Amino acid sequence: MLTGNREFNEIYEKYKNLVLKVAYIYSGNNYDAAEDITQDTFLKLYTGFKDFKAEKIPSWLYTVTKNSALNYKRKYGQLISVDDEENGLVNTLSTESTEEGYIERERTASAEKLNDRILSGLMEKNPRWHDAVLFAYYMDIPQERVAEIMGIKIGVLHSILHRAKVWIRKTYGVEYEEMRDK
């Protein structure tokens, strides 16, 4: 159980940029929204900090940030700004085939669901695999930095990533191929 501001400050310093990046990616590359989501996520963490176990915090931060960003994107992502109208984006959006748009949205939704299942499966199978894959591949953090964040040597990280990829291929490979072929 965590108890003091010092621990919270250390966690904040360690994860603030990662949380911001997740918020940015899942909010549709909206930096202002990502900053707000990051602030709200850490406020939620701070208010319940004494109830958290240290080893659960990285996955909790990821999940809360991702859900907040997706909620933001659902709520505000469909709005078209005046700048977009001036740049002719509205005409491009309105002439897109309804069928093509529907198929693309379905394909994107299927890919997001599979990604979520893979990350959840990794978390259940091995939390270190989850963190390594999340940081290195989903958040696109250089592997040297990932090794530093995780407190391991780069060779150990490579081994973890290899084992995780083998398990992902074995567990989700068929499903991935079927989705890709649609």
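Mentor: A salt bridge here is a side-chain nitrogen of Lys or Arg within 4 Å of a carboxyl oxygen of Asp or Glu. This is a predicted model, in which local features need pLDDT of at least 70 and side-chain atom pairs count only at pLDDT 80 or more, while totals for chains, interfaces and linings use all residues. Residues are numbered from 1 along each chain as its sequence is written, and side-chain values use heavy atoms, with hydrogens and water left out.

Trainee: How many salt bridges does that rule give?

Mentor: The rule asks for a nitrogen of Lys or Arg and a carboxyl oxygen of Asp or Glu within the cut-off already stated. Applied to this model, the count is five.

Trainee: How far apart are the closest N and O atoms of Glu 13 and Lys 16?

Mentor: Helices are DSSP runs (H or I, at least four residues; strands are E, at least two), numbered from the N terminus. Glu 13 and Lys 16 are three residues apart in helix H1 (residues 5-26), so about one helical turn separates them. Glu 13 is partly exposed at 48% relative accessible area, where buried means under 20%, exposed over 50% and partly exposed in between (1.4 Å probe, protein chains only). The closest N and O atoms of this salt bridge are apart by 3.1 Å.

Trainee: Which residue forms a salt bridge with Arg 117?

Mentor: The closest N and O atoms of the pair are 1.7 Å apart. The pair links distant parts of the chain, with Arg 117 in helix H6 (residues 98-125) and its partner 58 residues away in helix H9 (residues 154-181). Arg 117 is partly exposed at 37%. The partner is Glu 175.

Trainee: Is Glu 148 buried or exposed?

Mentor: Glu 148 meets Arg 145 in a salt bridge of 2.9 Å, N to O. Both lie in helix H8 (residues 143-150), three residues apart. Arg 145 is partly exposed at 35%. With 55% relative accessibility, Glu 148 counts as exposed.

Trainee: Which residues does Tyr 15 contact, leaving aside neighbours within four places in sequence?

Mentor: Contact means heavy atoms within 4.5 Å. With those neighbours left aside, Tyr 15 is in contact with Phe 42, Pro 58, Leu 61 and Phe 135.
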